[in-house]
Amino acid sequence: MLIAFASSNGESIDSHFASSPAFEVYEFGGKSRGFVHSAQVHTEKAAGGEEAEDKVDVRIKQLKECAIIYCTQIGGPAAARLVQSGIHPLKVPEGTKIYDELGKLVQLFNSGKLPPWLRKKLAQEKR
């Protein structure tokens with residue numbers, strides 16, 4: 001399962017979903033985890049300097065393989081669009097370390113007490 005973290009520095013979760021300049025993507029397999037790549041977000045500018053593309057759509061397309069996206073903030077409509085795309089958004093306090101959150105996921109998997117949304121996601125991943 002791929003997990004993305006909204007991060008400007010590659011170490012901590014420090015960005016709003018729609019304005020994050022990059023996402024750190026990790027492969028997570030319960031007990032193992034490893035860095036996959038850093039996804040820089042690029043949107044086209046219109047003639048007036050405004051965004052020509054929907055920032056949320058650009059990010060969803062780039063991160064479509066991810067099961068979970070961690071960020072510091074996300075608007076309700078953007079969160080709904082992520083969920084409709086099969087991606088579960090999670091908000092954490094700014095500055096939360098990526099490896100700390102990965103460690104919490106390991107503990108969650110080891111506990112066997114997965115939340116319903118995560119059980120559903122894992123069932124989809126096995127197909």
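Cys 66 is found in strand β5, where strands (E, at least two residues) and helices (H or I, at least four residues) are DSSP runs, numbered from the N terminus. The structure is a predicted model, in which local features need pLDDT of at least 70 and side-chain atom pairs count only at pLDDT 80 or more, whereas totals for chains, interfaces and linings use all residues. Residues are numbered from 1 along each chain as its sequence is written, and side-chain values use heavy atoms, with hydrogens and water left out.

At 5% relative accessibility, Cys 66 counts as buried, a term that stands for under 20% relative accessible area, with exposed standing for over 50% and partly exposed for values in between (1.4 Å probe, protein chains only). When residues up to four places away in sequence are not counted, Cys 66 touches Leu 2, Ile 3, Ala 4, Val 25, Gly 86 and Ile 87, a contact being defined by heavy atoms within 4.5 Å. Although Cys 66 and Ala 4 are 62 residues apart along the chain, their C-alpha atoms are separated by 6.5 Å. Another cysteine, Cys 71, is buried at 0% relative accessibility. The number of disulfides comes to zero under the rule that a disulfide is a pair of cysteine sulfur atoms within 2.5 Å.

The chain as a whole contains four helices and seven strands, and from the N terminus on its elements follow the order β-β-β-β-α-β-α-β-β-α-α. Of its 127 residues, 39% count as buried. Among contacts between residues at least 6 apart in sequence, 50% join residues at least 24 apart.

Strand β1 (residues 2-6) is joined to β3 by five bridges, and the two strands run antiparallel, pairing being assigned if DSSP finds at least two bridges between two strands. Within this arrangement, the bridge partner of Leu 2 in β3 is Glu 27, while Ile 3 stands opposite Tyr 26 of β3. Strand β1 is also joined to β5, in this case by four bridges and in a parallel direction, and here the bridge partner of Ala 4 in β5 is Ile 69. Four of the five residues of β1 are buried, so that this strand is largely enclosed by the rest of the structure. Strand β3 (residues 22-28) is likewise largely enclosed by the rest of the structure, because six of its seven residues are buried.

Two further residues lie in other strands. Ser 12 is found in strand β2 (residues 12-13) and, at 6% relative accessibility, counts as buried. Residues up to four places away in sequence aside, Ser 12 touches Ala 6, Ser 7, Gly 95, Thr 96, Lys 97 and Ile 98. Gly 34, which is found in strand β4 (residues 33-40), counts as partly exposed at 25% relative accessibility. With residues up to four places away in sequence again not counted, Gly 34 touches Tyr 26 and Glu 27, and its C-alpha atom is separated by 9.7 Å from that of Leu 2, which is 32 residues apart from Gly 34 along the chain.

In helix α2 (residues 76-84), Ala 78, Ala 79 and Leu 82 are buried. Seen down the axis of α2, the buried residues fall within an arc of 100 degrees, so they line one face of the helix, the arc being that of the directions from the helix axis to the C-beta atoms. Gly 76, Pro 77, Val 83 and Gln 84, on the other side of α2, are exposed. The buried residues of this helix pack against α1 (55-62), β5 (66-71) and β6 (88-91). Just after α2, Gly 86 takes a positive phi of about 85 degrees.

The structure holds five aromatic pairs, for which the rings of Phe, Tyr and Trp (its six-membered ring) are required to have centres within 6.5 Å, planes under 30 degrees apart counting as stacked, over 60 as edge-to-face and the rest as tilted. One aromatic cluster is formed by Phe 5, Tyr 26, Tyr 70 and Tyr 99.
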